[in-house]
Amino acid sequence: MQVVGGPARHTDGMRTVLALVAAAAMVAAAVAIRSGGAVGEGLRSSDETARVVCVTELAAVCDALAERGAQVTVEDAGVTAGRLAGPDDPGHDAWVTFGPWRDIVFDARRRATLPPLPDGGGGVLARSPLVMVVWEDRATVLEQACPRGLRWRCIGGRAGAAWTDLGGPAAWGPFKPAAVDPTTSATGLLVLGQAAGDFFGTTDFSSRDMDDDRFLGWLTALERGGVALAGSPLQRMLTQGPAVADVYGTTEAEALPLLQRAARGDQLRVVYPEPVAVAEVVAAPLTADGAGRAISIIEDTGVTALGQSGWRVDGQGTVDGQGSADAPDLPAEPNLPSAGVLDALRLRVEEIR
C-alpha cells in the first residue's frame, strides 16, 4: 500500500480516526444511558436514576423500587404536599400517593401562582375500600347505640362518652375512636372525608357547609374525644389490646393482612361503612425530564408490590389468605369529597387543635 504524504500525515490520520472512534463511543454511551442500558461498570441505569417519593402507607412500593436501584424517600403525605406547594425544586421525579393529595398540591400551586406540575402519570394504579376495624365485643354494644349501623356520624357523636352511657361496662372507660393525623396522613384525611360525608349524607358538600355549628360540634367531639396515635394504630391495638382504642378507620389494604397474621386478629371486626369509599393510588409526575422514567418502573414493579401488599389491582389475583367474606365490590367512583373540600377539612382540624 502506498502512503501518501509520508509518516507525519499518516500519524495525523490515525489521530483523526481515534478521535472519531472516541466520539462515537461517547455518543453510544449517552444513548445507552438514556435508554436504560448500562455501559461499563461505573454507569447508572435509568432505574437507578429514578427518584421517587412514597406516602408512608405505600412504603412497600418504594421498597420494591429501591431493589431496582431507584432513589426513594418515604414520608407522610402532608410533608411532601407542603414541600411541593412551594417554589423549591421537588427533589423527586414522581410521587406515589392517593389521588386527592395530588389534587390538593395542584390547587395549592395554582393559588400561589406557581408553575403547574407536569401533566400525565397514567390512571389509578390500585384501589382499596376504607373500613372500620372494631373490637367484636365493642361492636356488639355499638350496634345498639347506633341503630342505623356502625357509621361515622354515630361514632363521632359518641366519641369520648363513657361506655356505660352506651350500654357497655364501666371497665371499658371512655369510648375511644382512633385516628391518624388527617393533616399529614394520606389515609387519615380520606377517612375524615368519608366520616364528614356520612355526617352530611353526601360527599357533595362545600367548605361553607362546614361552618354549620352542628358539624363543628360533631367534628370537635371526634377530634377531642378520639385518640391520636402515631405510626400504625391498628398494630398497637393488636399488640396492646382494646385499652389503646375501640375503633379505627383505615384501608382494607392495611387491615386485612395485619388481622390475618395477628394472634388477636379474630377478635376484631372489619366493617365497610356505606356508601363504600375508596382510596386510589396514583403516580404523580413532578419533573418534566425524569417523570416518565420513574412512572414506567412504578407501573411495572410498584403495581406488583401493591397487589402483594393487599391492594386491589386489576388483572392480579388476590394474595393467598386475603379478602373477606363481607368485602364488597368497589364502586366506580371513590365516593369522597373533592380535593378542595378535603383540604378545607384539614384546616378545620388545625383550627380545633
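The legends below describe close-up views of one predicted model.

Residues are numbered from 1 along each chain as its sequence is written, and side-chain values use heavy atoms, with hydrogens and water left out. Because the model is predicted, local features need pLDDT of at least 70 and side-chain atom pairs count only at pLDDT 80 or more, while totals for chains, interfaces and linings use all residues.

**View 1. Phe199 and Phe215 form an edge-to-face aromatic pair.** The whole structure holds nine aromatic pairs. Rings of Phe, Tyr and Trp (its six-membered ring) pair if their centres lie within 6.5 Å; planes under 30 degrees apart are stacked, over 60 edge-to-face, and the rest tilted. Phe199 and Phe215 are 5.4 Å apart, centre to centre, with 65° between the planes. Phe199 lies in helix H9 (residues 186-200) and Phe215 in helix H10 (residues 213-225), so the pair ties together parts 16 residues apart in sequence. Helices (H or I, at least four residues) and strands (E, at least two) are DSSP runs, numbered from the N terminus. Phe199 and Phe215 are both buried. Buried means under 20% relative accessible area, exposed over 50%, and partly exposed in between (1.4 Å probe, protein chains only).

**View 2. Phe199 also pairs with Trp218.** The ring centres are 5.2 Å apart and the planes are at 35°, so this pair is tilted. Phe199 in helix H9 and Trp218 in helix H10 are 19 residues apart. Trp218 is buried, as is Phe199. Ring pairs link Phe199, Phe200, Phe205, Phe215 and Trp218 into a cluster.

**View 3. Two arginines sit over aromatic faces.** Arg153 lies over the face of Phe199, 4.3 Å from the ring centre. Arg138 lies over the face of Trp172, at 4.0 Å. A charge sits over a ring if NZ of Lys or CZ of Arg is within 6 Å of the ring centre and within 35 degrees of the ring normal.

**View 4. Arg348 is buried in helix H14.** This helix spans residues 339-352. Arg348 has a relative accessible area of 14%. A polar atom of the Arg348 side chain lies 3.2 Å from the backbone oxygen of Ser207. Leaving aside neighbours within four places in sequence, Arg348 is in contact (heavy atoms within 4.5 Å) with residues including Ser207, Met210 and Asp211.

Definitions and conventions. A polar contact is a pair of N or O atoms within 3.5 Å; within protein, one must be able to donate a hydrogen and the other to accept it, and residues adjacent in sequence count only if both atoms are side-chain atoms.
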